[in-house]
Protein chains: 2
Amino acid sequence: MAESDARTPRERYRAQVREEIKKHAWEQIAAAGASALSLNAIAKQIGVSGPALYRYYANRDELITELVKDAYRSLADAFRARAATGADLAELARALREWALADPQRYFLVYGTPVPGYRAPEDTTAIASEIMDVLLGACAAVAPEAAAASLDDQLDGHLAEHRTWAPEHRVAPSALSRALLFWSRLHGVLSLELAGHFTGMGLDPAELYAAETRALTAP
Amino acid sequence: MAESDARTPRERYRAQVREEIKKHAWEQIAAAGASALSLNAIAKQIGVSGPALYRYYANRDELITELVKDAYRSLADAFRARAATGADLAELARALREWALADPQRYFLVYGTPVPGYRAPEDTTAIASEIMDVLLGACAAVAPEAAAASLDDQLDGHLAEHRTWAPEHRVAPSALSRALLFWSRLHGVLSLELAGHFTGMGLDPAELYAAETRALTAP
DNA sequence: TGTGTTCGTTAGAAGTTATAACTGGCAGCT
DNA sequence: AGCTGCCAGTTATAACTTCTAACGAACACA
């Protein structure tokens with residue numbers, strides 16, 4: 001994914017093994033969630049014995065952090081790839097949902113329950129702002145007749161005064177509000193859907209998601 | 001909380017110890033999250049040794065399930081208590097936020113990342129529908145001029161056709177949509193806020209929450 | 001060909017959940 | 001009151017987990 005090419009053969013082998021470890025880690029996470037990820041089990045699958053993995057990752061947390069980083073980057077890539085085709089906000093919303101449904105546990109790794117003591121490393125926050133940047137671009141380019149009407153004037157005012165994120169992006173406050181609401185509303189639907197809170201309600205989450213997308217694009 | 005009164009002194013003692021176990025469990029969860037909950041540590045705090053706890057809870061999962069159930073009931077109680085005072089939708093939103101901020105890990109226990117294999121027991125789904133019932137009541141009693149305007153006609157249509165939740169509650173489809181959007185939008189904001197995804201953005205989550213509340217109450 | 005880094009091994013410490021078997025005491029019935 | 005039986009809590013143990021330490025072997029490089 002990132003460190004594939006390397007100069008010395010040792011480094012190349014090292015990167016290769018790190019990737020294989022991550023591959024099996026993702027399989028475990030997809031099957032039973034991040035909390036059930038076991039280094040021992042990964043080692044057994046690979047065919048080495050236990051402590052060998054500590055040559056590649058200092059500890060379990062470092063491996064998980066690496067996976068979180070990969071997940072984040074995967075979302076950022078999906079977002080940017082879609083935006084590069086001139087996608088509007090609605091298509092971005094579809095891209096987000098596809099990414100989430102493709103691997104629910106990957107979604108939860110990024111947006112799920114945080115571990116109390118855990119501090120996200122600098123690079124993940126950098127990728128997060130990268131994602132918001134793409135989103136802001138699409139919000140700024142929203143249809144003029146929609147862009148004129150703000151989703152919430154009071155929120156616009158608050159953001160115009162206090163926001164410190166993506167400061168290089170000069171954009172109308174109404175676009176900031178739109179990006180923020182895009183993020184939180186769609187996350188709300190996806191999070192409840194993936195957690196299974198809609199099961200048994202006779203509701204197609206896609207319909208709810210579509211309704212939210214409509215509210216965000218055509219005010 | 002529930003099983004305090006009992007007939008025989010043995011049962012009373014038993015219920016008392018179960019409560020003490022839960023009390024320490026909540027402290028641990030508030031401090032380090034549910035995944036870090038350790039039966040051994042609880043036993044040490046209480047002053048008994050290890051396996052004694054298995055007299056009271058068959059295993060770790062049963063204890064956690066009990067805590068989830070208590071958390072659910074606590075939210076339902078908070079909701080119903082507020083609704084009993086004739087609270088409108090906005091006040092219900094405030095009650096939800098207060099409940100969430102009072103103990104973030106308790107919120108995550110209910111609405112956070114689910115364990116893949118886990119099936120919610122029958123009673124929790126019953127409590128969940130109890131919560132939705134209170135919410136539906138408030139949505140049905142929303143201001144007439146607001147109630148007339150639907151938040152999303154297409155979603156109304158879908159729900160009128162397919163919904164199977166709270167079937168005893170006969171209410172306009174627009175109220176169903178409103179309840180659903182109330183739930184998912186506010187959860188979106190709270191979930192991101194409690195997970196710390198707004199930190200460093202120079203944004204007061206309360207403002208975003210208020211904006212969503214406005215959108216839900218005054219269309 | 002020698003040298004040193006690094007990889008993988010086994011051994012083991014300190015945890016965890018959970019079960020089995022034993023003891024002591026309390027409850028309730030007669 | 002006394003006997004009986006259930007039940008709480010104990011220790012021992014198994015099977016896990018993460019992670020450290022010490023050793024041997026293999027490989028890259030000079």
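I take helices (H or I, at least four residues) and strands (E, at least two) as DSSP runs, numbered from the N terminus. With that, I count 10 helices and zero strands in chain A. Along the sequence I read the pattern α-α-α-α-α-α-α-α-α-α. The C-alpha trace of chain A spans about 60 × 45 × 35 Å along its principal axes.

**Ground rules**

I am working on a predicted model, where local features need pLDDT of at least 70, side-chain atom pairs count only at pLDDT 80 or more, and totals for chains, interfaces and linings use all residues. I number residues from 1 along each chain as its sequence is written, and I letter chains from A and number ligands from 1 in the order in which they are written.

**Chain A against chain B**

I call two residues in contact if their C-beta atoms, placed from the backbone, lie within 7 Å. I find 42 residues of chain A in contact with 42 residues of chain B. On the chain A side, α1 (9-32), α5 (104-111), α8 (153-162), α9 (173-194) and α10 (205-217) each supply at least two residues. α9(A) gives the most, with eight residues.

For classes, I count Ala, Val, Leu, Ile, Met, Phe, Trp, Tyr, Cys and Pro as nonpolar, Asp, Glu, Lys and Arg as charged, and the others, Gly among them, as polar. The side of chain A that touches chain B then has 19 nonpolar, 17 polar and six charged residues.

**UniProt entries**

I looked up the record next. Its positions are given in the numbering used here, feature names are shortened, and annotations may be inferred rather than shown by experiment. The unreviewed UniProt entry lists "domain: HTH tetR-type" for residues 15-75 of chain A. I find the end C-alpha atoms of residues 15-75 of chain A 22 Å apart, and the span is 69% helix and 0% strand. The unreviewed entry also gives "DNA-binding region" for residues 38-57 of chain A. The end C-alpha atoms of residues 38-57 of chain A lie 13 Å apart, with 40% helix and 0% strand in the span.

**The DNA strands**

I call a residue near a strand if its C-beta atom, placed from the backbone, lies within 6 Å of it.

- DNA strand C has 21 residues around it, and the closest are A:Val48, B:Asn40, B:Pro51, B:Asn59 and B:Arg60. α2(B) gives the most to this surface, with three residues. I sort the surface near DNA strand C into eight nonpolar, seven polar and six charged residues.
- DNA strand D has 22 residues around it, and the closest are A:Asn40, A:Pro51, A:Asn59, A:Arg60 and B:Val48. α1, α2 (39-46) and α3 (60-84) of chain A and α1 of chain B each supply at least two residues of this surface. The surface near DNA strand D divides into nine nonpolar, seven polar and six charged residues.

**Helix α6 on α9 in chain A**

Axes are lines fitted to C-alpha atoms, for helices over the stretch in contact, and angles run from 0 to 180 degrees between N-to-C directions. I find helix α6 (residues 122-140) of chain A packed on α9(A) at an angle of about 125°, with their axes 9 Å apart. That makes α6(A) oblique to α9(A). (Under 35 degrees is roughly parallel, over 145 roughly antiparallel, 65 to 115 roughly perpendicular, and the rest oblique.) A:Met132, A:Leu135, A:Leu136, A:Cys139 and A:Ala140 in α6(A) meet A:Ala175, A:Arg178, A:Ala179, A:Phe182 and A:Trp183 in α9(A). I sort the residues of this contact into nine nonpolar, no polar and one charged.
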